[in-house]
Amino acid sequence: MEGILPLLKPKGMTSHDCVFKLRKILKTKKVGHTGTLDPDVTGVLPICIGRATKIAEYITDAGKAYEGEITLGFSTTTEDSSGEKLDETIISDEITRGHILEVFQSLTGPIIQTPPMYSAVKVNGKKLYEYARAGIEVERPSREVTIHELTLLDDREVFVGNTISFKFRVKCSKGTYIRTLAVMMGERLGYPAHMSSLIRIESAGFTLNDCKTLEEVKELFEEGKEKEFLLPLERGLYHLPKYQINDKVAMKILNGAVLTQPDDLDYAKGEPFVMINESGRALAIYQVHPVKEHVIKPVKILVIDEL
């Protein structure tokens, strides 16, 4: 059994919980997720089965899209609705649509984020949430992420109330914390804020329409209908450049050969690309050699059987 299972992650489960359950359902140990989703977050979680576990990192590195809700008026310890209240301010002024859109524009493009204390980022070998649970505050490493698109999903022109909530859609790079983005929105609007709900609607080209629930997977597997929930490994590599080769070169690739760079291959040094055969099967991931001129080298061989 091999392929990618776009799972509709339920609320209340960690990504690892989903992997553990799927190992039992599918009766295989070779199952891996493609990036952590917080327990309170639902939505698209691509799961790699069998040989597809070799490309998990490339799915993780691809872009994501979310639909979330921000609530202005109070912040929380976790930056989402599961945490305890911190700062609280009654909103006495109206907030205009124009002001929100200005804030969205200011947060579009490369931005610097500091991961929340309740996150899986490691500092000195320990996850931040381990420090947080012990009541220890540590310095957190800031990092650059990219917000590709930020859209307001609310038709109101004016927002009023003691607290104000509105929904948004965001397309972003890997490593983006949407709850931290919500806090940043609040800061720029002048109020404490937190992310009150979140669903991931897309990951590495997989959408909610592609997804199956754990219950659906269990039922289909028991009926012997694996093809109805497993998608080809190649779907997880859609975002990488492709280079097609003939069967003669394919045999060299299967043996992990370092090859002379073809004249018509023009990729940046170190940039991964997928070697595919004439039928479109992904055989390996290669890159232009970072040091040697006019040479390409294998990064990962994806096929171990002969053509």
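Where is the place of lysine 9? Lysine 9 sits in strand β1, which covers residues 3-9, where helices (H or I, at least four residues) and strands (E, at least two) are DSSP runs numbered from the N terminus. Before I go on, please keep in mind that this is a predicted model, in which local features need pLDDT of at least 70 and side-chain atom pairs count only at pLDDT 80 or more, while totals for chains, interfaces and linings use all residues. Residues are numbered from 1 along each chain as its sequence is written, and side-chain values use heavy atoms, with hydrogens and water left out.

Let me stay with lysine 9, which is buried yet has no salt bridge, the nearest side chain of opposite charge being aspartate 40, 7.5 Å away. Buried means under 20% relative accessible area, exposed means over 50%, and partly exposed is in between, using a 1.4 Å probe and protein chains only. A salt bridge needs a side-chain nitrogen of Lys or Arg within 4 Å of a carboxyl oxygen of Asp or Glu. What does the side chain of lysine 9 have beside it, then? A polar atom of that side chain lies 2.5 Å from the backbone oxygen of methionine 13, and a polar atom of the side chain also lies 3.3 Å from the backbone oxygen of proline 39.

Now to the cysteines: the structure holds zero disulfides, a disulfide being a pair of cysteine sulfur atoms within 2.5 Å. Cysteine 48 is in no disulfide, and the nearest cysteine sulfur, that of cysteine 211, is 13 Å away. Cysteine 172 is in no disulfide either, with the sulfur of cysteine 211 as the nearest at 16 Å. Cysteine 48 is buried, at a relative accessible area of 0%, and cysteine 172 is buried at 1%.

Next comes helix α5, residues 178-189, whose end C-alpha atoms are 16 Å apart, in agreement with the 16 Å that its 12 residues should span. Because 10 of the 12 residues of α5 are buried, the helix is largely enclosed by the rest of the structure; among the buried ones are Ile178, Arg179 and Leu189. Just after α5, glycine 190 takes a positive phi of about 95 degrees.

Most residues other than glycine have a negative phi. Alanine 204, however, has a phi near 55 degrees, and lies in the loop between β14 and β15, where alanine 204 is buried at 0% relative accessibility. Histidine 294 has a positive phi of about 60 degrees and is found in the loop between β19 and β20, but histidine 294 is exposed, with a relative accessible area of 56%.

Notes
Lys, Arg positive; Asp, Glu negative; His and termini not counted. Polar contact = N/O pair within 3.5 Å; in protein donor to acceptor, adjacent residues only side chain to side chain. Expected span 1.5 Å × (residues − 1).
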